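Please view the structure first, then read on.

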Amino acid sequence: HRSAAVTFRVAAVLALRPWSISGFAAVPGASGPSTLLPVWNRIENPRERLQSDGFVEVELNDVEHRALQDAVTEFAGQRSFRYPPRCETEAEADAMETTETEQMRPSYERCFNLLYGIAASAADMLRGVPAREALPQPCVGSRPFQGRTLADNASFFNIFNYDFGCLNAHRDRGVLTVVYGEAEPSEAHSRLWLRRPGTESWFAPPAHRLLLWAGEGLQVAGIEAVEHSVRVDPRGEYIEHSHSTKDPMAPPQGNRRSVALVLDE
């Protein structure tokens, strides 16, 4: 789906050392800049959990949690399925990528910075490669990584409101995916489902958590890409044009709202 979507291209060899997210200091309730802890200090038994459960939960502090929630809340007012919007053709996607557009909103920028840093750090950890030296904020005041030459140049970032679309069961083609979502009012609403590795069992992971799972591009022995879906029933019939069609079983409002970044190369 990458070629038909507007994606934010990642363009630099970035580092694993935690950076200071100075933009977060303005978040109400924050006493100062937040410093990311190394991802391996935030995840309990990451390899084992990815193998058994298909996902891991990344610990967040209050400032980081607020940054993710702010992006989800602000986008909800747009009353559309996803940011950036989907293009119907590759020509439209190419045109969008080469056309100057409005700058990313500050709440989206903070969210992107946080998700990218965690995904890049976790990917290196799981692959057993040396930590990279420095990790600057990848998005400051414009589209992410604009004007740079980057390693993870196929990564993309989306904010979703499932009152206006849904997600059929699939596996991500990228390296790692990091996702944060709100809780739904009831089981009658569209929500995130994951299929437990090696089984036909689907389960709904906890909301208001930052979750990380493998894509097909990770290619680490013993860790497989997890199948996932955002539907009322993950086993429901395939929905055509899901980027513009709400799950017909879901109520008109109160469905899942989330942010996601797929790290890809």
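Buried means under 20% relative accessible area, exposed over 50%, and partly exposed in between, with a 1.4 Å probe and protein chains only. Residues are numbered from 1 along each chain as its sequence is written, and side-chain values use heavy atoms, with hydrogens and water left out. The model is predicted: local features need pLDDT of at least 70, side-chain atom pairs count only at pLDDT 80 or more, and totals for chains, interfaces and linings use all residues.

**Helix H2**

Helices (H or I, at least four residues) and strands (E, at least two) are DSSP runs, numbered from the N terminus. H2 spans residues 62-76 and has 15 residues. From first C-alpha to last, H2 reaches 21 Å, close to the 21 Å expected at 1.5 Å a residue. That expected span is 1.5 Å times one less than the number of residues. The buried residues of H2 include Val63, Leu68, Val72 and Phe75. At the start of H2, a side-chain oxygen of Asn61 comes to within 3.1 Å of the backbone nitrogen of Val63.

Two strands pair if DSSP finds at least two bridges between them. An open sheet of 6 strands runs in the order E3-E10-E7-E12-E5-E4, with antiparallel pairing. Its edge strands are E3 and E4 (82-83), each pairing on one side only.

E10 (residues 210-214) is largely enclosed by the rest of the structure, because 5 of its 5 residues are buried. Leu210, Leu212 and Ala214 point one way from E10; Leu211 and Trp213 point the other way. In a regular strand the side chains alternate between the two faces of the sheet.

| Strand pair | Bridges | Facing residues |
|---|---|---|
| E3 (residues 56-58) and E10 | 3 bridges | Val58 and Leu210 |
| E7 (residues 176-181) and E10 | 5 bridges | Thr177 and Trp213 |
| E8 (residues 191-195) and E9 | 2 bridges | Leu194 and Phe203 |

Helix H4 (residues 106-127) lies across E3, E4, E5 (156-161), E7, E10 and E12 (257-263). Contact means heavy atoms within 4.5 Å. H4 runs at about 45 degrees to E12. Axes are lines fitted to C-alpha atoms, for helices over the stretch in contact, and angles run from 0 to 180 degrees between N-to-C directions.

**The four-stranded sheet**

The last row of the table belongs here. 4 strands form an open sheet in the order E6-E11-E8-E9, again antiparallel. E6 (167-170) and E9 (202-203) are the edge strands, and each pairs on one side only.

Conventions. Polar contact = N/O pair within 3.5 Å; in protein donor to acceptor, adjacent residues only side chain to side chain.
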